[in-house]
Amino acid sequence: MPLKVEVVSPEAVLYSGEAEMVVCRTSDGEIAFLPGHEPFAGALGIAKVRAKLADGSEEVAAVHGGFVEVRDDRVVILSDVAELPQQIDIDRARAAKERVDRAVRAGDVTDEQNAALARADLRLEVGSSSR
């Protein structure tokens, strides 16, 4: 029996379907969920979420924090900001990365700059995977 998976942002349900496995990064590290997984709730970091489908393909989303809940073979990803590969503007992500890189080289290394760099890198990784 496959997992029921939903990736939800305030704007929309980005993905709803079935998967054999879901992999995401929580604040404690990367975790994979398979059918029959014990109930789980955790905070998500800035990382991609992968839903491995029965045909061997993957659905991937860039998730910029949020929460994951697993219960009764259902995985729900809730995030204030989540994007599918086709929604990512690669040029904009590249420009954001360049701005942050310049700030870091100038010595302006803050938690906000590090988070901005992580978001830009994630968008480039996930957005490039569909092209």
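**Entry 1: Threonine 26**

A strand, in these notes, is a DSSP run of E at least two residues long, and strands are numbered from the N terminus. I keep in mind that what I am looking at is a predicted model. With that settled, I looked up threonine 26 and found this residue in strand 3. Is threonine 26 buried or exposed? Threonine 26 is buried, because its relative accessible area is 8% and the cut-off for buried is under 20%. I then checked how far threonine 26 is from isoleucine 46, which is 20 residues away along the chain. Their C-alpha atoms are separated by 8.9 Å.

**Entry 2: The core**

Next I looked for the nonpolar core. How many residues does the largest nonpolar core have? I noted 22 residues, and those with the most contacts inside this core are Val22, Phe33, Val68, Val75 and Ile77. I went on to see where the core residues come from, and at least two are supplied by each of strand 1 (3-8), strand 2 (13-19), strand 3 (21-26), strand 4 (29-33), strand 5 (40-52), strand 6 (58-71) and strand 7 (74-78). Strand 6 gives the largest share of this core, four residues.

**Entry 3: Valine 49**

I picked valine 49, a residue of strand 5. Valine 49 has a relative accessible area of 6%, so it counts as buried. From there I looked across to valine 104, 55 residues apart from valine 49 along the chain. The C-alpha atoms of valine 49 and valine 104 are separated by 27 Å.

**Entry 4: Salt bridges**

I turned to charged pairs. A reminder to myself: side chains of opposite charge can pair when their charged atoms come close. How many salt bridges does a search of the whole structure find? The search finds nine, and I followed some of them.

I began with lysine 4 and glutamate 18, whose side chains meet in a salt bridge at 2.8 Å, N to O. This pair links distant parts of the chain, since lysine 4 sits in strand 1 and glutamate 18 in strand 2, 14 residues apart. Lysine 4 is partly exposed, with a relative accessible area of 44%. Glutamate 18 is also partly exposed, at 41%.

Which residue does glutamate 6 form a salt bridge with? I found arginine 74, with the closest N and O atoms 3.0 Å apart. Here too the pair links distant parts of the chain: glutamate 6 is in strand 1 and arginine 74 is in strand 7, 68 residues apart. Glutamate 6 counts as partly exposed because its relative accessibility is 22%. Arginine 74, with a relative accessible area of 41%, is partly exposed as well.

My next pair was arginine 94 and aspartate 91, whose side chains meet in a salt bridge at 3.4 Å, N to O. Both belong to helix 1, and because they are three residues apart there, about one helical turn separates them. I noted arginine 94 as partly exposed, with a relative accessible area of 39%. Aspartate 91 is exposed, at 57%. I also jotted down a network in which salt bridges that share partners join Arg50, Lys52 and Glu58.

**Entry 5: The loop between strand 6 and strand 7**

I wanted a look at the backbone here. Aspartate 72 is not a glycine, yet it has a positive phi of about 50°. I placed aspartate 72 in the loop between strand 6 and strand 7. Aspartate 73 lies in the loop between strand 6 and strand 7 too, and its phi is positive at about 60°, although it is not a glycine either. Are these two buried or exposed? Aspartate 72 counts as exposed because its relative accessibility is 68%, whereas aspartate 73 counts as buried because its relative accessibility is 18%.

**Entry 6: A positive patch**

My last stop was the surface. Which residues gather in a patch of positive charge there? I wrote down Arg92, Arg99, Arg102 and Arg105. Arginine 105 lies in helix 1, which covers residues 90-105. With a relative accessible area of 66%, arginine 105 is exposed, because the cut-off for exposed is over 50%.

Note on methods
Residues are numbered from 1 along each chain as its sequence is written. This is a predicted model: local features need pLDDT of at least 70, side-chain atom pairs count only at pLDDT 80 or more; totals for chains, interfaces and linings use all residues. Side-chain values use heavy atoms; hydrogens and water are left out. Patches are made of residues with over 30% relative accessible area and no salt bridge: like charges are joined within 9 Å, nonpolar side chains (Val, Leu, Ile, Met, Phe, Trp, Tyr) within 5 Å. Accessible areas come from the Shrake-Rupley method with a 1.4 Å probe; for residues, only the protein chains shown count as cover. A salt bridge is a side-chain nitrogen of Lys or Arg within 4 Å of a carboxyl oxygen of Asp or Glu. Lys and Arg count as positive and Asp and Glu as negative; His and the chain ends are not counted. The place of a charge is taken as NZ of Lys, CZ of Arg, CG of Asp or CD of Glu. Buried means under 20% relative accessible area, exposed over 50%, partly exposed in between (1.4 Å probe, protein chains only). A nonpolar core is a set of buried Ala, Val, Leu, Ile, Met, Phe, Trp, Tyr and Cys residues joined through side-chain atoms within 4.5 Å.
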